[in-house]
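Please look at the sequence and the model before reading on.

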Amino acid sequence: PRQSEVGVVLELAQRPNPKALLATSSMSEINALLPKLDEDIGVSKELVIAYQALLSDYPGHEQALAGIENLKLYHIQKLERALEEGRLPVAQVLMDSALANLPEIDLSVRLQILQKQLILMKLGLALEQGQLDEAGVLLGEAQGLYSDDEELNALGLQYREAVDVNKAEPR
């Protein structure tokens, strides 16, 4: 080979792999988004898209796989905390975000338990506040998901009693 050919081959060999650059830029994009997650749960959608883009270029990319799993765990922990503190609107936003944005999160038993807890807490609150229309909708939703549940059955009975009392009251 001539000297100029060797130089071109060496130059090509020394150039960075464009795919590696893409992975690095994707990870820096992800790292820039992560701190924003506490302020805006909607960022989780952007993170999942970035992780999935990385996985489509690099199937089995460990950081991307771990990132998605950590995002699921993050949602579940924030959801648990919101429910413990009785912040139901926040819990609902977190639940909606998890179900809409996180791949296969609906298969998580932990999330299913939290989803049930959230519906039952919202139903109990609606009954407590006399919001019977809202309670009726929530009861129907809960019965569709959990047909034979003691707490749900008790709330259903409480709902029917509240509706009967409401009908009996003179207008």
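## Tyr-51 and its neighbours

Leaving aside residues up to four places away in sequence, Tyr-51 touches Ile-30, Leu-34, Gln-63, Ala-64, Gly-67, Ile-68 and Leu-71; contact means heavy atoms within 4.5 Å. Tyr-51 lies in helix H3. Helices (H or I, at least four residues) are DSSP runs numbered from the N terminus. Because its relative accessibility is 5%, Tyr-51 counts as buried, a term for under 20% relative accessible area, with exposed over 50% and partly exposed in between (1.4 Å probe, protein chains only). The C-alpha atoms of Tyr-51 and Gln-63 are 8.5 Å apart in space, and the two residues are 12 apart in sequence.

## Basis of the model

This is a predicted model, in which local features need pLDDT of at least 70 and side-chain atom pairs count only at pLDDT 80 or more, while totals for chains, interfaces and linings use all residues. Residues are numbered from 1 along each chain as its sequence is written, and side-chain values use heavy atoms, with hydrogens and water left out.

## H3 against H4

Two packed helices are described by the angle between their axes and the distance between the axes. Helix H3 (residues 43-57) packs on helix H4 (residues 62-84) at about 155°, with the axes 9 Å apart. Axes are lines fitted to C-alpha atoms over the stretch in contact, and angles run from 0 to 180 degrees between N-to-C directions. H3 is therefore roughly antiparallel to H4, the term for angles over 145 degrees.

From H3, Ser-44, Leu-47, Val-48, Tyr-51, Gln-52, Leu-54 and Leu-55 meet Gln-63, Ala-64, Leu-65, Gly-67, Ile-68, Leu-71 and His-75 of H4. Nine of the contact residues are nonpolar, five polar and none charged. Here Ala, Val, Leu, Ile, Met, Phe, Trp, Tyr, Cys and Pro count as nonpolar, Asp, Glu, Lys and Arg as charged, and the others, Gly among them, as polar.

## H6 and its surroundings

Helix H6 (residues 109-128) has 20 residues and spans 28 Å from first to last C-alpha, close to the 28 Å expected at 1.5 Å a residue; the expected span is 1.5 Å times one less than the number of residues. Its buried residues include Leu-111, Leu-114 and Leu-118. Among the elements covering the buried residues of H6 are H4 and helix H5 (88-101). Just after H6, Gly-130 has a positive phi of about 70°.

The axes of H6 and H7 come within 8 Å and cross at roughly 155°, which means that H6 is roughly antiparallel to H7.

Definitions and conventions
Helices (H or I, at least four residues) and strands (E, at least two) are DSSP runs, numbered from the N terminus. Angles under 35 degrees count as roughly parallel, over 145 as roughly antiparallel, 65 to 115 as roughly perpendicular and the rest as oblique.
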